[in-house]
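Good morning, and thank you for joining.

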Amino acid sequence: MTGNELAGKVTVVTGGASGLGEGLVRRFAAEGARVMIGDIDQDRGKALAEELGENTRFLSTDVSDVDQVGRLVSTSIETFGGLDVIVNNAGVSGRMHRRFLDDDLADFDTVMRVNVRAVMAGTRDAARYMSEHGGGSILNLTSIGGIQAGGGVMTYRASKAAVIQFTKSAAIELAHYEIRVNAIAPGNIRTAIVAKSASPEERERIEEFEAGIRAQMRIDRPLKREGTVQDVAEAALYFATDRSRYVTGTVLPIDGGTVAGKVIVRKPK
């Protein structure tokens, strides 16, 4: 499905070369947006921009460097003449440990720089422009891991919880400028992030590792259909358009009902 809901709008998507970010880029471009992709994957980012045409550009961006986040925002404004929407999507999973007692916290700084500081920097830099140009929409990607407690990836969960609290706080402060700040919390979406959280030992049997994680997700999910990148993209489109003009400070789970509560297992009669 395509249309013109974002015709004339300038959008930025961090981590837009693959996974959820690529889905957002494709959906925004299909709706007529001019899209700036920021990502560390130059080959995939350039290829995607070339595929989607002249209204989509790529800028090599490592969001763990706040100066590069600022450059991405300013380049988008210079290239397309404005900025209406930014999606702070780039994220890393961190390493999954069987026990928290075995976690050396070696990836803490990297996860927090990418998952939290980059979101704050992207929000701030976009808002500096939007505050002087009639407002805009800022969308931050969190996770159901930031809503629902659990084991395995403690630093990742902590980072995503921080994004939720920051999003709500920024929404309150920036509302004065007609800037809406919201968050999407995907869960149970098939992307590479589960595989990337595997330990070196688990990577040797990655299919078995991922199958185990997916099986547990199915058990925990009320809706048995597995979520897709397109499901997340549709939600992002809503927040990017004027349809959500009176919505700010919200966190929308895209998770098949996982965080709503436990599944009731009914015994057959």
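The largest cavity holds about 40 Å³ of space. This is a predicted model, in which local features need pLDDT of at least 70 and side-chain atom pairs count only at pLDDT 80 or more, while totals for chains, interfaces and linings use all residues. Residues are numbered from 1 along each chain as its sequence is written, and side-chain values use heavy atoms, with hydrogens and water left out.

A word on terms. On a 1 Å grid over the protein atoms alone, a cavity is a set of points where a 1.4 Å probe fits but cannot get out, whereas a pocket is an open set with protein on both sides within 12 Å along at least five of seven lines; lining residues have an atom within 4 Å of a point. Grid points are joined across faces, edges and corners, and a volume is the space filled by probe spheres set on the points.

The lining of the largest cavity consists of Ser93, Gly94, Arg95, His97, Asp103, Asp107, Val153, Met154, Thr155 and Tyr156. By class, that lining has 3 nonpolar, 4 polar and 3 charged residues. Here Ala, Val, Leu, Ile, Met, Phe, Trp, Tyr, Cys and Pro count as nonpolar, Asp, Glu, Lys and Arg as charged, and the others, Gly among them, as polar.

In total, the structure holds 2 cavities of 30 Å³ or more. For the second largest cavity the volume is also about 40 Å³. Thr14, Val63, Asn88, Asn89, Ala90, Val114, Ala118 and Val119 line this second largest cavity, and by class they divide into 5 nonpolar, 3 polar and no charged residues. Helix 4 (residues 108–130) provides the largest share of that lining, 3 residues. Helices (H or I, at least four residues) and strands (E, at least two) are DSSP runs, numbered from the N terminus.

Let me stay with one of these lining residues. Where is Ala90 found? Ala90 sits in the loop between strand 4 (85–88) and helix 4. With a relative accessible area of 15%, Ala90 is buried; buried means under 20%, exposed over 50%, and partly exposed in between, for a 1.4 Å probe and protein chains only. Setting aside neighbours within four places in sequence, Ala90 is in contact (heavy atoms within 4.5 Å) with Thr14, Gly15, Val63, Val114 and Asn115. Ala90 and Gly16 lie 74 residues apart in sequence, yet 7.4 Å apart in space, C-alpha to C-alpha.

I turn to the open spaces. The second largest pocket has a volume of about 280 Å³. Of its 17 lining residues, Gly136, Glu178, Ile179, Arg180 and Arg245 are the closest to its centre. Strand 5 (136–141) and strand 6 (179–186) each contribute at least two residues to this lining, which divides into 6 nonpolar, 5 polar and 6 charged residues.

Next, the aromatic rings. A search of the whole structure finds 1 aromatic pair. The ring centres of Tyr238 and Phe239 are 5.2 Å apart and their planes stand at 65 degrees, so the pair is edge-to-face. Rings of Phe, Tyr and Trp (its six-membered ring) pair if their centres lie within 6.5 Å; planes under 30 degrees apart count as stacked, over 60 as edge-to-face and the rest as tilted. Tyr238 is partly exposed at 27% relative accessible area, whereas Phe239 is buried at 3%.

Finally, the whole protein: buried residues make up 48% of its 269 residues, and its secondary structure comes to 9 helices and 7 strands.
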